[in-house]
Amino acid sequence: MASRKNAKPEESAVPSWRRDGVLVPDGARFYRALVENAGDIVTLLDRHSTIIYQSPAIKEVLGYGPEPFVGMSVFDGVHREDRDRLEKRFQECARSPGWASMETFRLPHRDGSWRWMEARTKNLLDDPDVGAILCISRDVTEARRLEHQLHEAERLARFGHWRWTKGAPSPVWSEGFAKILDRAMISLPTGGDWHSDIVHPEDRNELLSKFLDAFEAQETVLCVTRFLAGDGTYRHIKIHAYAEPDARNEIGALVGLAEDVTQEMLAREALQRSEAKYRLIAEQASDIIHHIAPDSSLLYMSPSVEGVLGYTPDDFMKLKGAGERVHPDDLARLSAGYREFVHERDMLRLEYRFRHKAGHYVWLETTMRAVREADGTLKEIIGMTRDMSERKKHEIDLMDARERAEAANRTKSRFLANMSHELRTPLNAIIGFSDMLKLEMFGKLGNARYLEYAQLINESGGLLLDLISDILDMSKIEAGKYELHCEPVKAEEIVEQALKLVSGRAEEGGLTTLVRISPEAANLPLIADERALKQILINLLSNAVKFTPRGGQIVVCAEAVDGGIRFRVEDTGRGIAKDHIPRLARAFEQVSSDAELSKQGTGLGLALVRSLTELHGGSILIESELGKGTCVSVNLPIVATRTMSANAAD
């Protein structure tokens with residue numbers, strides 16, 4: 001065989017990873033640190049939806065570590081309303097290599113609540129470095145620090161030695177060499193073709209060539225070769241051989257050491273696969289992943305920066321004065337937050353605007369996590385940035401809409417209050433003068449028709465005044481300006497006064513009215529606004545009179561209940577369909593199909609009842625059945641708590 005004097009010994013060290021001239025040692029560890037320090041949850045699934053990898057970020061999001069999820073179906077914890085849809089989409093993904101989608105769904109938190117997740121899924125089953133379906137879940141609020149290096153496989157420090165005398169057919173192996181191969185001494189080859197019997201076919205020529213070169217050129221041999229073990233597998237053996245001169249200073253033999261580095265080589269291969277996998281994950285992520293040195297220089301930028309800001313990773317890393325591209329209104333806040341983060345904090349989240357390559361500004365949300373030495377010295381920064389322009393636009397639109405709605409509501413309330421006050425003054429005069437005419441206080445009118453007209457004017461004015469009073473009360477309640485004047489009241493007196501005001505209409509309609517007040521209710525020390533309480537009962541009784549046909553019956557009840565009192569107005573009227581009941585307590589809502597009856601009201605009666613009741617800290621309940629009548633119950637505390645309803649507060 002020809003001499004190979006120019007050959008150099010092979011190095012067993014893991015080659016360094018370079019990008020654009022920047023040296024980054026241990027690439028797999030770096031890429032894994034990028035993924036496991038990110039706020040997003042990274043999940044790898046097999047084609048049957050079984051979780052084969054779950055990033056530790058899930059603990060910050062759901063309260064569980066990743067271990068319970070590995071081996072289970074990804075759909076086991078998904079909300080039942082989302083499960084069918086996600087299973088269908090997953091089947092489509094599993095059938096289509098390279099297929100990608102974005103889905104939203106809910107997962108349970110350990111505290112029992114549901115958390116919404118947004119996940120980007122891509123089929124990488126055919127990728128030799130991944131061989132799985134990749135799922136990156138977004139919107140993680142906090143993420144725990146992840147470990148920054150892979151655990152090295154446990155290595156056994158097992159050694160042997162050998163000696164190959166020049167001219168001998170094969171080396172002489174030591175017992176230690178046989179032991180690291182788990183072989184008996186007699187099973188080691190001793191013939192001239194020893195390398196064919198024990199060395200991996202792909203390594204034979206290289207190893208033999210190195211040995212021959214060592215004999216001729218006295219070169220040191222350093223290599224890793226696969227040797228056949230006793231169990232039929234190949235072990236990676238690190239060979240370190242050197243020439244041994246004889247008495248004439250000529251090469252008389254090769255002496256070598258052998259070390260089993262199988263576990264180390266397997267770990268190295270795993271690191272290489274892991275590096276490829278995590279690099280692919282980082283490059284497939286929709287968010288921008290970046291790696292920053294302690295001096296704030298940029299070491300890595302993921303390809304997604306081009307989709308967000310228009311720059312390729314290389315172009316962005318070459319940018320000078322990147323801070324100048326931050327919106328002027330955000331720059332001071334961003335700089336102050338970053339300085340504090342570098343010196344004091346482990347996590348920073350900021351929202352700011354950054355100028356796109358095309359010239360417009362993009363809203364960004366950046367989360368950065370500091371990796372520190374044991375003494376607190378900053379070692380590196382792992383960051384993730386996402387485009388939040390759409391979310392910001394929705395927030396701004398929502399704020400604008402809310403402000404417009406609030407302004408319109410304030411304008412409406414002011415208009416109703418002003419209009420009500422303006423109309424009440426002339427109406428009081430109309431009612432007063434018509435009442436004088438009706439009573440003929442200054443003498444006879446001279447014609448009976450005038451009395452009838454005066455009566456009609458008086459009644460119409462009274463109805464209009466009641467309507468305006470109701471509108472004014474509603475506007476005050478909606479504006480949060482309705483004041484309760486609470487004082488001791490007697491349930492029996494309130495019921496009698498309210499019934500007296502509607503008894504005339506009840507008699508005209510041929511209705512029977514009954515009062516049932518329990519002794520306990522009569523003696524309750526009720527503290528409430530007398531006018532508001534009377535208004536509640538008058539409105540309920542007026543509705544009962546209006547919707548109960550001739551010959552019907554109206555019952556007013558008051559009874560003591562736990563912690564308060566219950567007023568109940570029952571009638572044998574037309575009744576209300578169940579699907580219409582929820583509409584009854586809304587302002588200006590009417591559900592009557594009788595046009596004449598609908599014209600007699602504005603739909604404010606029950607709305608006022610509900611609002612005044614809730615102002616007292618109470619509640620109402622409406623029960624009704626078509627053709628059988630209606631029962632409205634008003635539950636009040638003994639002492640009014642003066643609370644506003646949610647609708648009134650809004």
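## Helix 15

At the start of helix 15, the backbone nitrogen of Arg-531 has a side-chain oxygen of Asp-529 within 3.0 Å. Helices here are DSSP runs of H or I with at least four residues, strands are runs of E with at least two, and both are numbered from the N terminus. This is a predicted model, in which local features need pLDDT of at least 70 and side-chain atom pairs count only at pLDDT 80 or more, while totals for chains, interfaces and linings use all residues. Residues are numbered from 1 along each chain as its sequence is written, and side-chain values use heavy atoms, with hydrogens and water left out.

The 18 residues of helix 15 should span 26 Å at 1.5 Å a residue, and the end C-alpha atoms are 26 Å apart, which agrees; the expected span is 1.5 Å times one less than the number of residues. Buried residues of helix 15 include Leu-533, Gln-535, Asn-539, Leu-540 and Leu-541 (buried: under 20% relative accessible area; exposed: over 50%; partly exposed: in between; 1.4 Å probe, protein chains only).

## Nonpolar cores

The largest nonpolar core has 46 residues, of which Leu-533, Leu-540, Leu-541, Ile-565 and Phe-567 touch the most other members. Such a core is a set of buried Ala, Val, Leu, Ile, Met, Phe, Trp, Tyr and Cys residues joined through side-chain atoms within 4.5 Å. Among the elements that give two or more residues to this core are helix 12 (448-478), helix 15 (530-547) and strand 22 (564-571). Helix 15 supplies the largest share, 9 residues.

Apart from this core lies another, of 26 residues, including Trp-162 and Ile-251.

Terms used: Polar contact = N/O pair within 3.5 Å; in protein donor to acceptor, adjacent residues only side chain to side chain.
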